[in-house]
Amino acid sequence: MKAIIKRELKSYFTSVLGWVFLAAFFFVFNLYFWAYSLNMGYPYLSYTISSSVFICLVIIPILTMRSMAEDRRTKTDQLLYTAPVSVPKVILGKFFAMVIVFSIAIGTICLCPLIMNRFGTVPYGESYAAILGIWLFGLLAISIGLFLSAVTESQVIAAVLSFGVLFLCYMMSSIVSLISSTENLLTKILSCLAITEPMDNFLSGVLDVTGIIYYISGTALFLFFTCQLVQKHRWSVSSKKIRRGVFNSTFVVIGAAIVVVVNVLAAQLPEGVKNVDVTNQKLYTLTDDTCTFLDALDEDVTIYVLEAEDSADTVVTKTLKHYEEYSNHITVEYVDPTVSPNFYTTYTDTAPTEGSLIVAGEAYSKVIDYDDIYEYTIDYSTYTQSISAYDGEGQITSALSYVTSGDMQTVYTITGHGETDMDSSFTEALEKMNLSVESMTLLTEDEVPEDAAALIINGPTSDFSEDDVQKVIDYLAAGGKALITTSYEATGDMTNFDSILAEYGVGVTQGVVMESDSQYCYQYPFYLLPDVQSADATANVEGYVMIVDAQALTNTEEDSETLTFTSLLETSESAYIKTNIDTMTTYSKEDGDEEGTFILGANVVDSDTGAEVTVIASVVAFNDNVDSYVSGQNLALFKGIISGYSTSEVTVSIDAKEYSYDYLTISQAVVYISAFVLIILIPVVLVVVGILIWYRRRKA
């Protein structure tokens with residue numbers, strides 16, 4: 001077989017064919033690579049590969065057209081068949097030679113992620129999964145082309161047949177959707193011929209085991225068909241040997257049946273086995289929090305997808321399969337709105353967006369609108385919108401929690417004293433925990449409502465009235481919960497507000513805490529990175545928490561028998577307090593500045609009443625911008641605090657998963673030079689080399 005491979009490789013590279021194949025492939029691939037990655041700055045190689053698939057339909061038939069047809073035309077096939085090499089080895093030798101030529105092209109594009117990495121961050125897992133996908137697709141396309149080349153003696157007919165069959169398979173998904181919007185036996189059979197469909201998983205960052213099996217088994221099947229066809233040609237030379245039945249239709253049927261069974265069994269593999277998530281963000285993998293929630297799920301829930309299954313969002317579909325596989329209590333059903341346009345009316349009065357989900361439990365239901373599954377950013381220079389994060393898991397887990405508990409509590413944010421509004425990511429986290437968020441002015445209320453899961457008092461800058469204080473204290477005395485932040489910018493006397501904190505043994509020191517230890521601050525001495533103490537509220541914090549413009553907290557009731565004071569955040573012992581903020585001339589420690597270890601966050605529990613108060617000594621602790629510095633750890637602290645307040649048995653909030661990387665930063669000089677080298681120079685050089693080798697061989 002090695003001799004066959006060498007013979008075929010020599011024929012490709014001593015003629016123009018192999019060089020033209022490589023030149024055509026690199027021209028198209030490099031054109032898209034330059035346009036998407038180098039010119040537009042997209043870090044995803046999958047965009048380029050997806051656009052380059054069609055060129056394979058054109059150039060692979062050119063590569064395969066002569067593999068069998070030319071030998072039949074020149075009658076050299078009889079020499080091969082009488083050689084001491086079996087027919088399967090001849091077929092495999094020709095096949096592997098073409099695979100080597102194709103692999104040279106694919107191996108070269110493996111360098112692209114490394115090139116892109118010089119200009120920004122590149123998702124390597126997703127990039128190489130996409131490369132694997134197009135390589136496997138190429139193997140199947142080559143085997144199909146090899147089989148069709150064995151059908152005829154004409155290279156041209158072989159190329160046209162190969163392109164026609166590959167193009168039909170390329171369009172098969174669209175053809176199936178035109179035949180029927182609902183799955184039936186005919187569409188199932190035709191879907192097996194959609195050879196580009198398994199590539200979708202590879203292009204989206206998934207190592208699809210079923211896709212690998214599909215391509216390898218399909219390749220093996222067409223190689224088997226080719227062997228059977230060649231055997232027929234071989235034995236037809238002697239009519240006496242036809243009856244030997246070497247080419248037997250039964251063998252073909254058995255071979256096809258084996259491939260079908262293998263793929264059916266592969267489809268039954270667990271979702272975690274057949275789809276390996278290689279995305280950096282683990283877009284399709286359920287988090288530990290969701291798995292813990294599902295372990296405790298004991299109620300049957302149906303998730304309805306308002307879209308036909310074959311046209312549903314592939315990312316959402318993968319996520320739902322993980323839920324369905326993980327828990328026997330979850331069932332996913334697809335409802336085509338064109339077939340059942342009024343299905344949603346059982347659960348909501350407002351028609352959801354197509355692709356939305358309806359999560360229905362035994363007593364409650366919740367609609368997840370498709371627009372909420374993704375987060376978007378807007379480029380105001382071009383007024384274009386792009387996806388920035390995927391929140392499918394967060395929305396689905398939140399809905400499951402709600403429909404199985406039916407317990408929608410309310411968190412009230414106090415207003416009327418110059419409090420700062422909560423930023424969006426923090427309010428969204430509350431909503432995912434099935435806690436509605438409402439603002440409340442104490443002046444207009446007789447008391448804190450009974451449905452309050454907690455109060456949030458976010459950095460008031462003016463004092464409470466005595467009535468306001470009493471309403472808060474009465475609520476806490478009845479076992480209430482409160483998250484309170486302080487602001488160093490509070491003006492005037494804050495005696496009444498301070499009395500709420502004093503009721504639970506918390507004192508606030510005037511001034512702003514600074515750090516002289518660079519390990520405990522970031523860029524500025526008042527951008528603090530305190531030690532995170534071990535507590536229930538900090539259990540999910542992994543890394544730094546940032547506290548900006550913080551005050552210091554003290555425990556004023558150390559001898560109390562009912563109040564349990566727990567420190568959450570502490571500075572280093574080199575920290576100090578600046579009290580003269582308005583007049584200070586330096587951030588450095590000066591004589592008279594109090595120095596020591598300061599508490600920046602504390603939790604207090606009253607064992608008599610069950611009241612719980614958490615105080616964070618900075619109004620910007622729960623701010624989106626500050627949180628971004630520490631990769632969401634302030635949000636993790638916030639969720640840890642609030643989850644301790646909820647009376648629900650299970651409270652879980654899953655963060656949205658970042659969907660995109662920053663654009664590559666490439667100078668215009670590099671863009672122009674790369675355009676010339678990749679799109680013009682490399683293809684032209686390959687063609688010229690091929691022509692020169694062909695010419696020299698012809699002259700010889």
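Arg66 lies over the face of Tyr12, 5.5 Å from the ring centre, a charge counting as over a ring if NZ of Lys or CZ of Arg is within 6 Å of the ring centre and within 35 degrees of the ring normal. The charged end of Lys318 likewise sits over the ring of Tyr284, at 5.3 Å from its centre. The model is predicted, with local features needing pLDDT of at least 70 and side-chain atom pairs counting only at pLDDT 80 or more, while totals for chains, interfaces and linings use all residues. Residues are numbered from 1 along each chain as its sequence is written, and side-chain values use heavy atoms, with hydrogens and water left out.

The structure holds 37 aromatic pairs, where rings of Phe, Tyr and Trp (its six-membered ring) pair if their centres lie within 6.5 Å, and planes under 30 degrees apart count as stacked, over 60 as edge-to-face and the rest as tilted. Two tilted pairs are tabulated here.

| Pair | Centre to centre | Angle between planes |
|---|---|---|
| Tyr304 and Tyr347 | 5.8 Å | 35° |
| Phe464 and Phe497 | 5.7 Å | 35° |

Tyr304 in strand β3 (residues 301-305) is paired with Tyr347 in the loop between β4 (330-334) and β5 (357-360), 43 residues apart; helices (H or I, at least four residues) and strands (E, at least two) are DSSP runs, numbered from the N terminus. Tyr304 is buried at 13% relative accessible area, whereas Tyr347, at 26%, is partly exposed (buried means under 20%, exposed over 50%, partly exposed in between, with a 1.4 Å probe and protein chains only).

Phe464, in the loop between β11 (452-458) and α19 (466-477), and Phe497, in helix α20 (residues 495-502), are 33 residues apart, and both are buried.
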